[in-house]
Number of protein chains: 4
Amino acid sequence: MTNNKELKVAVIGGGSSYTPELVEGLINRYDELPITQLWLVDIDAGMEKAQVICDLTKRMINKAGCNIEVYLTTDRKQALDNADFVCSQFRSGRIEARIRDERIALKYRMIGQETNGLGGFSNACRTIPIALEIAREMEQLCPNAWLLNFTNPSGMVTEALTKYSTIKTVGLCNVPVNMERGAAEMLGVERKDITMQIAGLNHLVWARKVLHEGKDKLPELIEVLLEGNDKMTPKNIPPFEWDADLIRSLGILPCAYLRYYYQSRDILDKEFAASESKSNRADLVAKVEAELLEIYKDPTLETKPKLLEERGGAYYSEAACELMSSIYNNKRSIMHVNTRNNGAIQGLPNDCAVEVSAVITSSEIIPLRVEPFEQDTLRLIQLMKEFETLTVHAAIHGDINAAKRALILNPIVDSGSHVDEALKETIKENIEFMLAFSHVIEAL
Amino acid sequence: MTNNKELKVAVIGGGSSYTPELVEGLINRYDELPITQLWLVDIDAGMEKAQVICDLTKRMINKAGCNIEVYLTTDRKQALDNADFVCSQFRSGRIEARIRDERIALKYRMIGQETNGLGGFSNACRTIPIALEIAREMEQLCPNAWLLNFTNPSGMVTEALTKYSTIKTVGLCNVPVNMERGAAEMLGVERKDITMQIAGLNHLVWARKVLHEGKDKLPELIEVLLEGNDKMTPKNIPPFEWDADLIRSLGILPCAYLRYYYQSRDILDKEFAASESKSNRADLVAKVEAELLEIYKDPTLETKPKLLEERGGAYYSEAACELMSSIYNNKRSIMHVNTRNNGAIQGLPNDCAVEVSAVITSSEIIPLRVEPFEQDTLRLIQLMKEFETLTVHAAIHGDINAAKRALILNPIVDSGSHVDEALKETIKENIEFMLAFSHVIEAL
Amino acid sequence: MTNNKELKVAVIGGGSSYTPELVEGLINRYDELPITQLWLVDIDAGMEKAQVICDLTKRMINKAGCNIEVYLTTDRKQALDNADFVCSQFRSGRIEARIRDERIALKYRMIGQETNGLGGFSNACRTIPIALEIAREMEQLCPNAWLLNFTNPSGMVTEALTKYSTIKTVGLCNVPVNMERGAAEMLGVERKDITMQIAGLNHLVWARKVLHEGKDKLPELIEVLLEGNDKMTPKNIPPFEWDADLIRSLGILPCAYLRYYYQSRDILDKEFAASESKSNRADLVAKVEAELLEIYKDPTLETKPKLLEERGGAYYSEAACELMSSIYNNKRSIMHVNTRNNGAIQGLPNDCAVEVSAVITSSEIIPLRVEPFEQDTLRLIQLMKEFETLTVHAAIHGDINAAKRALILNPIVDSGSHVDEALKETIKENIEFMLAFSHVIEAL
Amino acid sequence: MTNNKELKVAVIGGGSSYTPELVEGLINRYDELPITQLWLVDIDAGMEKAQVICDLTKRMINKAGCNIEVYLTTDRKQALDNADFVCSQFRSGRIEARIRDERIALKYRMIGQETNGLGGFSNACRTIPIALEIAREMEQLCPNAWLLNFTNPSGMVTEALTKYSTIKTVGLCNVPVNMERGAAEMLGVERKDITMQIAGLNHLVWARKVLHEGKDKLPELIEVLLEGNDKMTPKNIPPFEWDADLIRSLGILPCAYLRYYYQSRDILDKEFAASESKSNRADLVAKVEAELLEIYKDPTLETKPKLLEERGGAYYSEAACELMSSIYNNKRSIMHVNTRNNGAIQGLPNDCAVEVSAVITSSEIIPLRVEPFEQDTLRLIQLMKEFETLTVHAAIHGDINAAKRALILNPIVDSGSHVDEALKETIKENIEFMLAFSHVIEAL
């Protein structure tokens, strides 16, 4: 990428209510990231909402005085043609699918989160085929573009793209960036002065180091956290207590999602309770979505509204825009991304996707080297990576045995005949998004 | 070991109701295994029962016309002095401890099996300190003797002995020998004509090959099993259905205990039901024990009674006696034992204990080489091995954090605050057998 | 293999002067190895000599009173048809090729041994294509037969057969058996009472253990050797001094061929001196061959003549016949063979050939587990294995770059432009046996 | 390190004729690297020459108008006290030792280069004890300082420092920087526009990637090199031809020193020829040194003289000063350094030193991730790393067996009795610098 190009950015799932965050980020970095075309792509079913988003986008850009043309289209190929960056933030099956996943999971007394357990599996099977379809089009229309994936489950989607496509792909998640921001706040230092090292898999990461003026402040950060001053957990994860001795014994700091593994039953109990009181996560999200859309429609609104930050995606713009700028300007920022392992985490295959702190250059994503994990943590990571790898395989090939073997392995999915039932139900209800399973649908 | 020695055998836990099986085996092999002294060791609390066993043993030997002196003692050192083989079959805390383990586990809705989950953990913590105490005495009194361990959890006890003692140790279990016998029966061939290869961890093994006249009959055996003709499962494991497609997809044959991992919830549900109807495993065992003892008391009984085979330990004599004979006579029998890995199962540490088919020589135990496991099975084995390693560490050092980390890792133990409660209760109620935890008992 | 079969044995290169040794071994084991047909196969050019061997063979069998039909043929397929064991002991290019190899190597100041350095490379390239041709025929005509390979370089030939054919192959060499016999003699014990563990690659092995009555006598054996009482080195290897401190520091006992690696220049100097005095190895062999043949022709000779033992192949009959008998009778003898690694030597690929002590069963060859080598020894083994793997690849595919990369890696081949010259000359002079290189011969 | 510090730099071996290059670099970066004290440390024997260097340094700094105090001292501790950066560029035994090494090596027909073969071994044994002594002092006097090591053999010295000291150490060499500069020139692009990836061990590295505008230009660079346009080889390495097919087959670009491994005999022949004509490398260096010193004495000289670049150390200043600045300013430059492996090169231990391209931050040195090497190249690297590790061990512990095992392993050292002789001679003649070997000197 030469440094004086006029940039074209395509956003798949452009009608998402997150888009204004992205737009705000692009506006803020307009000086260093000379975008001239911004293409929002969405499907017919989402066009009404997408139009609202597009109109707001135009008002925001206009207000900021940036020279960016904004396009809304259902023609993905037109948007991808000659693009420099493609942001993937679509949701396959829309919010309805997420609500369905949670319902099925809870019916069988399982965790119904969109990136973990049966919900994560289901989401992966719906999403990966579309992600690969996009990558195929990019291989034709913009083979040198970078694909920034935010679509959940981000780790598995990135693994599928990394293994089955030649497109340069980086997966992003806002969990690590929340950890980094929170850590700076908790330590009372400037965020720019810390170098945080994060490693693991998407939604299964640990902070390994928090370097500040040559010292590793991780032990101090752990103590602050244990005193109850958690500023790292995104708002969409319920606040929770860690076992102090356990965390000190681990010596590394787990992300909030690791509660699904360290405190499974407590989480499950909470989810059941929430479900009975109709306050499950997917329903909540649907409600916030509706409210947001109403706000966006206001023709006098020219900036990102505050309410948006209440969703889990806060700082999403930061991750996406900083990543684009760092690639474009060869900035060598340290960011926390999903990328091909190649030895960064010892004990995992070279070709799998991991979530690690990395130096972002215009040529490569360079992970910070990770000290070997202690054996028990490594075993958990290895197990979950195998779950992910089997799931990716099942999603692409419609392999029902791979699906079962994936779910049996997952430690937050109780194995048993109920899983087979839940799996059948999941595939049947999602078959329009999981066409790879068509050949077995009759037999289920 | 020279081949013309008069052999001394010591049996720790000699008052076990299994002893008559062992004695029968020794009698059957009297020609090839010239034992002159058989020492039964037990504790004061078990002496009444042990006397019954000892008397029966003497009647059996007398009837058979063997020239073996039988001794009953509570002085373990006297029994170990200059012994050639030491059979360890004691139960730390006796049957009451097992009943207690099952009760606590079920109270917290967990699997309460004596070798798996919380029950296995508890049993290991009670047993390992005594096993090491015996090994220390052997290092002084009979450093060249072989220790044959049958005490459960056999894998973890063998790992502790292998890592922390110089005594030559072999761990045994009757699961693999049941699989081999059953396989021959199911295939309609002579058992002597098959060479079965088994690999994994204790109570977590798979058949990898069933060689017969140069061909691997494992696929055929799998089909016979799936037709419902299971002759491999010991009588103490409930009969159960496997998912045919899953088993074919795995391509290897899991032992019955793997249902705890492949079908956890179904097993747990069964155990709950049994518990409510007072028919849980430990109570059942206690009842059979009492019946057996009454039979043993009959002064006209001079052979092993049939009822003994109804317990899970059938063919235990075969394993123990064949192992002793194979070592003594350098027979090179192929047996399925727990031994130091050293690369037999790739992906596990060299120094951990594994359960594998091995050639038994007078010098070494030589595992059959195992083709690498498929990745998902390997990940499960690695995880469980780490659970075992952490448990062994916790048991020896009284390390409560290691205990927690072990239990969090175990896929059939739901993590969560209930585990901490159950762990506390387990340690408190067993503290007399878990003295390593004394330093933390106050803080619990 | 069922145990009451009438066995058919085919010997490829049956006209070798070693054959009488093999025949003697078969006669000695006639009771346990019921052979009814013995087929000697040779090429037209060797038929005159082969007829002499065949006649002697018949006289020997007749004298012994065995009921074995002996056939001599140039029709290999007829001999292979329905064979149970195939012994491969041919020499591609006959003794002339070996003389040529030594000449070229010495011309370029390189070691010219038939299994090491350039000579080993050349021999492999001549031999492997024929070995694979035989395996292809076996796959058609006797797919369940065992192939016993004695053809040098035995390690590389076995690797080629193991990787590129489905035939069950075992590679043999008389170096380990000489070490074992010598060790027993040096320790003053019965050979049957020791269990020797040998590990490495063909002509690059070390004794790792010498178990005797439960103790490892290797340190004692090393001291005996260092006192100058070497009974382990075959007669075709010059006697030589080891550096005592070095050997004690290694703690394992190198085979005689390791002098090529530990004392390269001294060996090379000796070979030059021998070459100048016309007493190089190949010429010597040719002379002994001629003498032997004269003796064999004597129609009154009915047993193996003493002179045969002066060649390096002493105890060859023992290895071959014991191996056949052990397979046929499922004897579980411990022998030292070339077989697929599969983790036996840690740090080498699973699918490469290694030379290790193994239990011989009718179903599988089971290597004794090898404690990890110290790092420097491991690195040498890994390097040489890669030399072998590249050589096998070059031999099959006629890949000149693989050939160069193999030779550059070999520590007893000085790299440099002289190697390219020597390689060209080798290929050109051997092209009739190295047809895979035909496509590059013009460009050389 | 905070960003507004006044920096103190200590240069061990400050009297080196290279120092003016370093001084020039510091002057050029004065704006970004606010040095206030520059301490030149040397030994008594070198003080006369050091004074000349110091005077020139002062004239250069004065001319440039920088506010840097320059000190010359033999009191190393005073110089280290509170230092921020310590540059180590001493030569243990001075140039005489290097001449001696080359003489002994050639006497025994071995390569006598100061970083390879016997010469490298000898140099390491002389240098490592002093390097560790310096590190010990730093641990007391400036524990947070960075140690930049240029002292040869840079890889082994860095390994010793990394393993046996807590001081943050980076090893440098001018080979990679010459490759990078040369590559840019050969490709006709700006050096700042390429990102070169280099990996291996010191003096045993390969270029793995040359990224330019998102493409890897390595294949193109290889073709340019093969056309004879080598701009990458330092002036102290003789120009040489590569085998075009071989290099293309490798697909990676070896550094010039790899000729010692790929073309050993040709190099050795050249060195012999040079030696006979008295033009060996060490003598040549001594001559240039003398000339340089005369020039430096000129009181009107106020800048670095051109002649300095004729030595192998060109661009040394660049490496040293850019490294200091990059650490101080957290610049995240990509440089090629010797650092702890930790998985960067797969197949080597985590704790060994490797030479790799790395991102330089104020907190850590982050190696670019390296795609796995092809197996033959990996085996060479592993072997040489083991040579280095054994040498470091021998140097520190005076272990003569480790020394022998190191030399036997080294592929450019012929093994044999001559090596033992050469080793003895080396230790005896260098004993004042190799005190660790004192305990064995009598026995040699």
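Student: Is His203(C) buried or exposed?

Tutor: A residue is buried if 20 or more other C-beta atoms lie within 10 Å of its own, exposed if 12 or fewer, and partly exposed in between, with C-beta atoms placed from the backbone. His203(C) has 23 C-beta neighbours inside 10 Å, so His203(C) counts as buried. Please note that this is a predicted model, in which local features need pLDDT of at least 70 and side-chain atom pairs count only at pLDDT 80 or more, while totals for chains, interfaces and linings use all residues. Residues are numbered from 1 along each chain as its sequence is written, and chains are lettered from A and ligands numbered from 1 in the order in which they are written.

Student: Where in chain C is the place of His203(C)?

Tutor: Helices (H or I, at least four residues) and strands (E, at least two) are DSSP runs, numbered from the N terminus. His203(C) is found in the loop that links strand 7 (194-201) to strand 8 (204-212) of chain C.

Student: What is the phi of His203(C)?

Tutor: Most residues other than glycine have a negative phi, and most peptide bonds are trans. His203(C), although not a glycine, has a positive phi of about 60 degrees. In chain A, the phi of His203(A) is likewise positive, near 60 degrees.

Student: Which peptide bonds are cis?

Tutor: One of them runs from Asn152(B) to Pro153(B), with omega near -5 degrees. Pro153(B) sits in the loop between strand 5 (146-149) and helix 6 (154-164) of chain B. Another joins Asn152(C) and Pro153(C), where omega is about -10 degrees.

Student: Which residues does the UniProt annotation "binding site" cover?

Tutor: UniProt positions are given in the numbering used here, feature names are shortened, and annotations may be inferred rather than shown by experiment. According to the unreviewed UniProt entry, the annotation "binding site" covers Cys173(A) and His203(A). They span 31 residues in sequence, yet no two of their C-alpha atoms are more than 8.3 Å apart, so they gather at one spot.

Student: How many residues of helix 1 of chain C are buried?

Tutor: Eight of the 10 residues of helix 1 (residues 19-28) of chain C are buried, so this helix is largely enclosed by the rest of the structure. Among the buried residues are Leu22(C), Val23(C) and Leu26(C). The buried residues of the helix pack against strand 1 (7-12), strand 2 (35-41), helix 2 (47-64), strand 4 (85-88) and helix 13 (316-328) of chain C.

Student: At what angle do the axes of helix 7 and helix 8 of chain D cross?

Tutor: Axes are lines fitted to C-alpha atoms, for helices over the stretch in contact, and angles run from 0 to 180 degrees between N-to-C directions. Angles under 35 degrees count as roughly parallel, over 145 as roughly antiparallel, 65 to 115 as roughly perpendicular and the rest as oblique. The axes of helix 7 (residues 174-187) and helix 8 (residues 218-226) of chain D come within 10 Å and cross at roughly 85 degrees. These two helices of chain D are therefore roughly perpendicular to each other. Ala183(D), Met186(D) and Leu187(D) of helix 7 make the contact with Glu220(D), Leu221(D), Val224(D) and Leu225(D) of helix 8.

Student: How many residues of chain B are in contact with chain A?

Tutor: In this contact, 30 residues of chain B meet 30 residues of chain A. Helix 14 of chain B gives the largest share of the side of chain B that touches chain A, eight residues.

Student: What rotation superposes chain B on chain A?

Tutor: Copies are superposed by least squares on the C-alpha atoms of residues with pLDDT of at least 70 in both. A rotation of 180 degrees with 0.0 Å of shift along its axis superposes chain B on chain A (RMSD 0.0 Å). The two copies are thus related as by a two-fold rotation axis.

Key:
Two residues are in contact if their C-beta atoms, placed from the backbone, lie within 7 Å.
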